[in-house]
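Please open the structure in a viewer and keep the sequence panel beside it.

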Amino acid sequence: MCWNTSSAFVPVALALRGPATRKIVRTLGDAAHLLLKDWPSDDGEEYVAAVKACVDAISGKIAPEEFREALLRAADEAGIAALTVVQRPALVRRSVARPRA
C-alpha cells in the first residue's frame with residue numbers, strides 16, 4: 001500500500017466550507033483523509049466513485065492520476081472549488097552577449 005505516494009499526482013487545492021476551509025491534496029493519504037473526514041457529504045455518485053478510486057490507487061490497481069480525475073469530478077458534484085496546477089514547459093532565457101563600451 002502506498003498511502004503517501006505522490007508520483008504522477010499533481011496537487012489539488014480545494015476550498016471547503018466549515019472549519020477545514022482550505023485543503024491541499026498532495027498524496028493518496030491526504031485524499032483518503034479528506035474524503036472520509038472532511039468531505040461535506042458522504043453521498044453522491046461521484047463521491048462514491050472517488051472513494052473507490054482512492055482505494056484502487058492506494059492498492060496499485062489504478063494510477064494516482066486516474067484517482068485525481070475522480071476527485072475533481074467529486075469536488076464538482078459537491079460544489080467545491082478546486083484549483084489545479086497546469087504544468088507548462090519551462091521558459092529558457094538566452095543571454096545575449098552585449099558589446100562592451
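Select R73, which lies in helix α3; helices (H or I, at least four residues) and strands (E, at least two) are DSSP runs, numbered from the N terminus. The model is a predicted one, in which local features need pLDDT of at least 70 and side-chain atom pairs count only at pLDDT 80 or more, while totals for chains, interfaces and linings use all residues. Residues are numbered from 1 along each chain as its sequence is written, and side-chain values use heavy atoms, with hydrogens and water left out.

R73 counts as partly exposed, at 42% relative accessibility. Here buried means under 20% relative accessible area, exposed means over 50%, and partly exposed lies in between (1.4 Å probe, protein chains only).

The side chains of E46 and R73 form a salt bridge, at 3.3 Å from N to O; the term denotes a side-chain nitrogen of Lys or Arg within 4 Å of a carboxyl oxygen of Asp or Glu. E46 belongs to helix α2 (residues 45–58) and R73 to helix α3 (residues 64–78), so the pair ties together parts that are 27 residues apart in sequence. E46 is partly exposed, its relative accessible area being 23%.

How many salt bridges does a search of the whole structure find? The search finds 5.

For one of them, select D56 and K52, whose closest N and O atoms are 2.8 Å apart. Both residues are in helix α2, 4 residues apart, and are therefore separated by about one helical turn. Is D56 buried or exposed? D56 is buried, with a relative accessible area of 13%, whereas K52 counts as exposed at 53% relative accessibility.

Next, go to helix α3 and select E65 and R68. Their side chains meet in a salt bridge of 3.4 Å, N to O. As they are 3 residues apart in helix α3, about one helical turn separates E65 and R68. E65 counts as partly exposed at 27% relative accessibility, while R68 is buried, with a relative accessible area of 6%.

Select D43, found in the loop between α1 (28–38) and α2. At 51% relative accessibility, D43 counts as exposed. G44 also has its place in the loop between α1 and α2, and G44 counts as partly exposed at 28% relative accessibility.

G44 and A78 are 34 residues apart in sequence, with 8.0 Å from C-alpha to C-alpha. For D43 and A78, 35 residues apart along the chain, the C-alpha atoms are separated by 9.4 Å.

Which residues form a negative surface patch? Select D42, D43, E45, D76 and E77, which form it. Such a patch is made of residues with over 30% relative accessible area and no salt bridge, like charges being joined within 9 Å. Asp and Glu count as negative, and the place of a charge is taken as CG of Asp or CD of Glu.

Hide the surface and select L14, V25, L35, W39, C54 and F67. Of the 23 residues in the largest nonpolar core, these touch the most other members. A nonpolar core is a set of buried Ala, Val, Leu, Ile, Met, Phe, Trp, Tyr and Cys residues joined through side-chain atoms within 4.5 Å. At least two residues of this core are supplied by each of β1 (12–15), α1, α2 and α3. Which element gives the largest share of this core? That share, 6 residues, comes from α2.

## Last stop: the whole chain

Finally, colour the model by secondary structure. The protein has 3 helices and 3 strands, and from the N terminus on its elements run β-β-α-α-α-β. Of the 101 residues in the protein, buried ones make up 30%.

Technical notes: Patches are made of residues with over 30% relative accessible area and no salt bridge: like charges are joined within 9 Å, nonpolar side chains (Val, Leu, Ile, Met, Phe, Trp, Tyr) within 5 Å. Accessible areas come from the Shrake-Rupley method with a 1.4 Å probe; for residues, only the protein chains shown count as cover.
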